[in-house]
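Below is a short note for a colleague who is meeting this structure for the first time. Please read the points with the structure open beside you.

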Amino acid sequence: MKGLKPSENSEKPAGTGASSCHGVPERMMKAIIEACREFLELPEEEKRGISGKHVLDPIRFGTSFNESVDEILCWRDYVKIFQHPEFHSPNKPPSFREIALEYSKRVRLVAREIIRGISESLGLEKDYIYETLNPENGLQLIAANLYPPCPQPELAMGLPPHSDHGLLTLLIQNQIGGLQVQHKGKWVNIDPIPNSFLANIGDHIEILSNGKYKSVLHRAVVNNRDVRISIAVPHGPALDAIFSPDSKLVENVGNPPAYGAMKYKEYLEFQQGTMLNGKSFLERIRNRV
């Protein structure tokens, strides 16, 4: 997990909000948080009317990770909206479409630069990962979570421990803490930094790198005072891409593939259709070798 923060010398152009090293204006980050809040605070019947049921439906609203199998429901509301390769948006609030379209475009550029850096760090060409995975058809979605105050936060969980599918997730949040990552067997609080992204390595970078990179195990805890909102934007390959350790990273280095091959669409359907349990599904892929 890595934070992308604004430059100390950032200036604030008129009408754009604070500029930053990642290139997404602060006012745009605040606008997408507010638009998602407005959607999640709509009456239940309005949200249910546009929500699909399948994990690959372009708009889904719910209150848990998978309500049909979760033994304990999460203390949150969420909406997941596909942004790329085909853009989708709810009709309400009226401003949502314009804000989400521009925000998702900007965030894709940020993700591309980070993935380029990952590619180079693995000894590959800068654009090797991005171009190999058919980026024009790569999946991008907005996953917005609203965690209301909980009267007994010690007995509830916003979102249980899990890692993210895909290559990279870029996350922003309002200035209310609640995100924790596991480090050396302990849960560590990740405090929000204004005008910044948290970059989470996803399961499919771990697979592609044959374990050289590790996806981040994280969870969300709740509090009894404040509403917390987070906006996660996962970036994955095309749904029909078959994923396995890249041949360039397992050839001639005494490093046999540690993960079996699987279509990204199938991974999504399995992971998103079962109860969250850490990185258990990724371990299944490891055991398929």
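In which helix is Arg-116 found? Arg-116 is found in helix α3, where helices are DSSP runs of H or I with at least four residues, strands are DSSP runs of E with at least two, and both are numbered from the N terminus.

1. Basis of the note. This is a predicted model, in which local features need pLDDT of at least 70 and side-chain atom pairs count only at pLDDT 80 or more, whereas totals for chains, interfaces and linings use all residues. Residues are numbered from 1 along each chain as its sequence is written, and side-chain values use heavy atoms, with hydrogens and water left out.

2. The protein as a whole. The secondary structure comes to seven helices and 13 strands, and 51% of the 289 residues count as buried, a word that stands for under 20% relative accessible area, while exposed stands for over 50% and partly exposed for what lies in between (1.4 Å probe, protein chains only). The accessible surface is about 14000 Å², of which carbon and sulfur atoms hold 50%; such areas come from the Shrake-Rupley method with a 1.4 Å probe, and for residues only the protein chains shown count as cover. Among contacts with a separation of 6 or more, 74% are made by residues 24 or more positions apart, contact meaning heavy atoms within 4.5 Å.

3. Helix α3. The 26 residues of α3 should span 38 Å at 1.5 Å a residue, and the 37 Å between its end C-alpha atoms agrees with this; the expected span is 1.5 Å times one less than the number of residues. Its buried residues include Phe-96, Tyr-103, Val-107, Val-110, Ile-115 and Ile-118. Arg-116 also counts as buried, at 16% relative accessibility, and, leaving aside residues up to four places away in sequence, Arg-116 touches Lys-126 and Asp-127. After α3 comes Gly-123, with a positive phi near 85 degrees.

4. Lys-47. This lysine lies in helix α2, which covers residues 44–48, and Lys-47 is buried because its relative accessible area is 1%. Its side chain reaches the backbone oxygen of Leu-42 at 3.3 Å, which can be read against the definition of a polar contact as a pair of N or O atoms within 3.5 Å; within protein, one atom must be able to donate a hydrogen and the other to accept it, and residues adjacent in sequence count only if both atoms are side-chain atoms. Residues up to four places away in sequence not being counted, Lys-47 touches Phe-39, Leu-40, Glu-41, Leu-42, Phe-61 and Asp-77.

5. Backbone details to check. Most residues other than glycine have a negative phi, and most peptide bonds are trans. The bond from Lys-92 to Pro-93 is cis, with omega near -5 degrees, and Pro-93 is placed in the loop between β3 and α3.

6. Lys-184, which is not a glycine, has a positive phi of about 55 degrees and is found in the loop between β7 (179–183) and β8 (186–189). Asn-195 has a positive phi near 55 degrees and lies in the loop between β8 and β9 (197–201). Are these residues buried or exposed? Lys-184 is exposed, with a relative accessible area of 75%, whereas Asn-195 counts as buried at 10%.
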